[in-house]
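Please read the following note with the model open beside it. The points are arranged so that each can be checked in turn against the coordinates.

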Amino acid sequence: MRNVIGVILGGGRGARLYPLTRYRSKPAVPIGGKYRLIDIPISNCIHSGIDKIFVLTQFNSASLNRHVSATYRFDSFFGGFVEILAAEQTMEETDWYQGTADAVRKQLRRIQARQGHEVLILSGDHLYRMDYRAFVDDHRRRSADVSIAVKPVRREEASSLGILQVDERSRIVAFREKPQTEAELDELELPEAPGADPEARFLASMGIYLFEPQVLTSLLLGIEEDDFGRHLIPAAIEKLNVFAHAFDGYWEDIGTISAFYRANIRLTDLEPVFQFHRPDAPIFTHQRFLAGSRIDDCRMDRVIVGEGCSLREAEVEQSVIGVRSQVGAGARIFQSVVMGADYYETREDCERNRARGLPDVGIGSGSVIHHAIVDKNARIGEGVIISNDARIQEADADGHVIREGIVVVPKDAVIPNGTRI
């Protein structure tokens with residue numbers, strides 16, 4: 001596995017996750033109270049024995065670069081690395097990445113220099129656990145040119161994914177990127193479900209690809225188009241041995257506000273479908289050396305609380321409370337994601353900001369947060385109510401936006417005392 005090169009795609013502008021992507025790339029978005037999305041594929045690689053990993057970045061990459069460089073430092077005698085490859089201008093290329101395939105094409109020289117036996121292409125914004133060793137073993141056993149990890153999905157999910165068909169040897173014989181019509185879906189539907197869910201009768205690409213290096217080079221240099229799912233994979237299926245590797249575990253594409261919200265809230269279930277901590281395979285992240293959280297006279301049920309928080313006389317249900325969160329007396333938080341803060345305010349900071357009319361960083365006393373996402377460093381004043389009682393689906397306002405019915409308070413936003421949303 002140490003001969004496999006991991007390449008993690010940092011993604012594009014992340015418009016569907018806005019405003020969470022206003023100041024950061026998709027893989028840098030916090031999740032689960034203390035992690036970032038990029039921690040998922042990197043941790044999966046490490047647990048699978050893959051220790052040579054490139055992360056390709058382009059948009060709003062500063063926080064992602066900072067997180068990766070501060071977190072993943074391997075022993076210099078061991079030879080492993082996690083290296084950021086940012087979009088750059090060269091004498092030959094002056095454009096930014098134009099798509100997933102173009103990002104790898106522009107960094108092909110650096111990837112080739114590592115002389116890997118296989119190249120594993122991953123997305124930086126998916127939530128799942130996968131041991132890539134079985135994937136690589138299948139690829140080698142079949143002498144495949146390209147292998148794609150696939151997952152059974154239902155009809156309602158199929159139109160947003162790449163759907164494929166396989167023969168009796170698991171060789172892919174047909175592929176359609178995001179089929180929209182009923183006729184297209186009928187043509188790709190399997191006679192029976194291949195997994196545990198009887199309604200999941202479509203095989204979807206997970207955006208996880210394993211290439212023979214010479215095949216990857218040939219495809220990237222021989223095809224001018226810029227996207228793996230829309231261009232390179234269909235071309236490869238027509239002329240190469242492309243096989244499917246079945247995966248029937250939990251997998252979520254964190255591509256929209258609702259998907260992000262849903263994935264976080266499901267972490268609070270009594271038996272969550274995804275767990276960040278497993279004794280044999282924890283998800284790694286930046287070590288902050290924060291003190292344990294203080295919980296004083298609170299009522300809490302199904303709540304995840306990160307380190308370094310302070311909650312006093314609060315009521316919290318089915319919510320994720322991120323690192324360094326400060327929750328004032330009498331606050332109530334229900335079915336919400338509070339990301340916390342990047343820093344603590346001193347007493348002098350608070351007094352100075354209050355004199356300017358700014359609330360403290362955190363959730364003010366007596367405030368109610370329901371069905372919302374509060375990004376880092378937000379200042380929610382006292383007596384604020386965020387509940388979207390009017391059931392507005394989409395809106396842009398001063399200090400907040402509403403996406404798919406979910407109120408999102410952006411990073412560094414200020415919500416004055418007594419505001420109702």
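Helices (H or I, at least four residues) and strands (E, at least two) are DSSP runs, numbered from the N terminus. This is a predicted model, in which local features need pLDDT of at least 70 and side-chain atom pairs count only at pLDDT 80 or more, while totals for chains, interfaces and linings use all residues. Residues are numbered from 1 along each chain as its sequence is written, and side-chain values use heavy atoms, with hydrogens and water left out.

1. A cis peptide bond. The loop between β1 (4–9) and β2 (30–31) contains Pro19, and the peptide bond that leads from Tyr18 to Pro19 is cis, with omega near 10°. Most residues other than glycine have a negative phi, and most peptide bonds are trans.

2. Positive phi values. Arg302, found in strand β15 (residues 299–305), has a phi near 55°, a positive value in a residue other than glycine. Gln318, placed in strand β17 (residues 315–321), likewise is not a glycine and has a positive phi of about 45°. Here buried means under 20% relative accessible area, exposed over 50%, and partly exposed in between, with a 1.4 Å probe and protein chains only. Arg302 is partly exposed, with a relative accessible area of 34%, whereas Gln318 is buried, with a value of 18%.

3. Aromatic pairs. Rings of Phe, Tyr and Trp (its six-membered ring) pair if their centres lie within 6.5 Å, and planes under 30 degrees apart count as stacked, over 60 as edge-to-face and the rest as tilted. By this rule the count comes to 7 aromatic pairs. In one of them, the ring centres of Tyr209 and Phe228 are 5.5 Å apart and the planes stand at 35°, so the pair is tilted. Because Tyr209 lies in strand β11 (residues 202–211) and Phe228 in helix α9 (residues 228–239), this pair ties together parts that are 19 residues apart in sequence. Tyr209 is buried, with a relative accessible area of 8%, and Phe228 is buried as well, with a value of 1%.

4. Charges over rings. A charge sits over a ring if NZ of Lys or CZ of Arg is within 6 Å of the ring centre and within 35 degrees of the ring normal. The charged end of Arg2 sits over the ring of Phe78, 4.1 Å from its centre, and that of Arg324 sits over the ring of Tyr344, 5.9 Å from its centre.

5. Helix α9 and its neighbour. How far does α9 reach from its first C-alpha to its last? With 12 residues α9 reaches 15 Å, close to the 16 Å expected at 1.5 Å a residue, where the expected span is 1.5 Å times one less than the number of residues. Its buried residues include Phe228, Leu232 and Ala236. Leu219, in helix α8 (residues 213–222), is buried at 3% relative accessibility. Taking contact to mean heavy atoms within 4.5 Å, and leaving aside neighbours within four places in sequence, Leu219 is in contact with Phe211, Leu232, Ala236, Lys239 and Leu240.

6. Strand β28. Ile406 and Val408 point one way from strand β28 (residues 406–409), Val407 and Val409 point the other way, and all are buried. Two strands pair if DSSP finds at least two bridges between them. Strand β23 (residues 372–374) pairs with β28 in the parallel sense over 3 bridges, and strand β27 (residues 400–403) pairs with β28 in the antiparallel sense over 3 bridges. Val408 in β28 has Ile373 opposite and also Val401 opposite. A hairpin is formed by β27 and β28 with 2 residues between them, and Glu404 in the turn has a positive phi of about 55°.
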